[in-house]
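Please look at the sequence and the model first.

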Amino acid sequence: SRWGVVAFASSLDQAGPMARDVRDCAIMLEAMAGFDPKDSTSLDLPVPAWESGLNSDLKGKRIGIPKEYRLDGIDEDISKMWDNGIAWLKDAGADIVDISLPHTKYALPAYYIIAPAEASSNLARYDGVRFGLRDLPEGAGLQDMYAATRAAGFGEEVRRRIMIGTYVLSAGFYDAYYTQAQKVRALIARDFDNAWASCDLILAPTAPSAAFGLGEKNADPLSMYLNDVFAVPASLAGLPAMSVPGGLSKEGLPMGLQIIGKALDEQAVLNAGLAIEQRSGFTAEAGEWW
C-alpha cells in the first residue's frame, strides 16, 4: 500500500523492501503486500508465499540479455560483472538468450518527463496552507507566503523537478512533451511484452557505473540522472525488478545486477536473485567479499 507515503510520481510510485539478503526481501514483501482499502491502486489478490517458494534451481528458465543495454563506453567493471552474472545464472541451470528492447534508448528521457510532471502536480499541495511547512515572512501576502514556503520546504533537486514538470505540463508544451512521453512509455511496455515470448526473466546491470559518493554529483544533475538508464524501463513498464550485489569495482565500490520479471511474477525474480546471491560471494554480515 502507498497509503501514508508522500506522492512523487503517482503512475510510478511503489513501495519495496531493502534488506540484507534475498530471503529477507521475500519475508518483507510478503508482509507488505496485499489489498488496502485506503489505496485504490493496490491489487485485491492473494499474496503468494514468496519465502517458502524460494528456489535457486533455475532449470528450464530462459534469461534474456538485452543487446540495447550494452552501451558504448560502459564501465569495464560493470561489463565484467554482467558477464559474471550470466555465468552464475547458467550455473544455476538457466538458458541464456539474446533479446531486443528497441525503445530502451528513449526510456530515460520519457521517465524524466513523466516523473517530474507528476511530481509537480502532486507536490503543488504543499503550499503552506493545506500541507507541510509554512514560512510566513514579516508583512508577507499570500503569494509571498507560497513562494517562501516552497523555497524553504523543498530541497534543490525537488525544486528542479517541480520546475521541469511544470514546464512540460504548460499549455504550449503538454502535447510536445508529456503526451509524447506517454506514447513512448506504451512502446517500452510493448517491447517487454514481445520479449516474454522468448524469455522468462531479464538480466542487466542496475546502473552503468559503480556507486558514487553521497553528494558527489550534486553539481552535475544530468550525470546523476544518467545513472538511472538501466533502472527506469522496468518502472515505466510496471514490472517487478530487484537489484542484487554483483561485485566490487577496482576502487572497491559496490555494483549491482538487476533482474526484471513478468508482471506479478515476483517469485521468479526472487529465485534468480537467490541464485546470484549464492554464487556472488557477498555477505551483508561481513560487509565484504569472500
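A residue counts as buried under 20% relative accessible area, as exposed over 50%, and as partly exposed in between (1.4 Å probe, protein chains only). The model is predicted, so local features need pLDDT of at least 70 and side-chain atom pairs pLDDT 80 or more, while totals for chains, interfaces and linings use all residues. Residues are numbered from 1 along each chain as its sequence is written, and side-chain values use heavy atoms, without hydrogens and water.

Tyrosine 178 is buried because its relative accessibility is 13%. Tyrosine 174, at 36%, is partly exposed. Both lie in helix H6 (residues 174-195), four residues apart, about one turn of the helix. Helices are DSSP runs (H or I, at least four residues), numbered from the N terminus.

The whole structure has eight aromatic pairs. Rings of Phe, Tyr and Trp (its six-membered ring) pair if their centres lie within 6.5 Å; planes under 30 degrees apart are stacked, over 60 edge-to-face, and the rest tilted. Tyrosine 174 and tyrosine 178 form a tilted pair, 5.4 Å centre to centre with 50° between the planes. Ring pairs also link Tyr111, Tyr112 and Tyr225 into a cluster.

A charge sits over a ring if NZ of Lys or CZ of Arg is within 6 Å of the ring centre and within 35 degrees of the ring normal.

| Charged residue | Ring | Distance to ring centre |
|---|---|---|
| Lysine 38 | Tryptophan 3 | 4.1 Å |
| Arginine 70 | Tryptophan 82 | 4.0 Å |

Helix H2 (residues 76-91) and helix H9 (residues 266-280) pack at about 105°, with axes 9 Å apart. Axes are lines fitted to C-alpha atoms, for helices over the stretch in contact, and angles run from 0 to 180 degrees between N-to-C directions.

Key. Helices (H or I, at least four residues) and strands (E, at least two) are DSSP runs, numbered from the N terminus.
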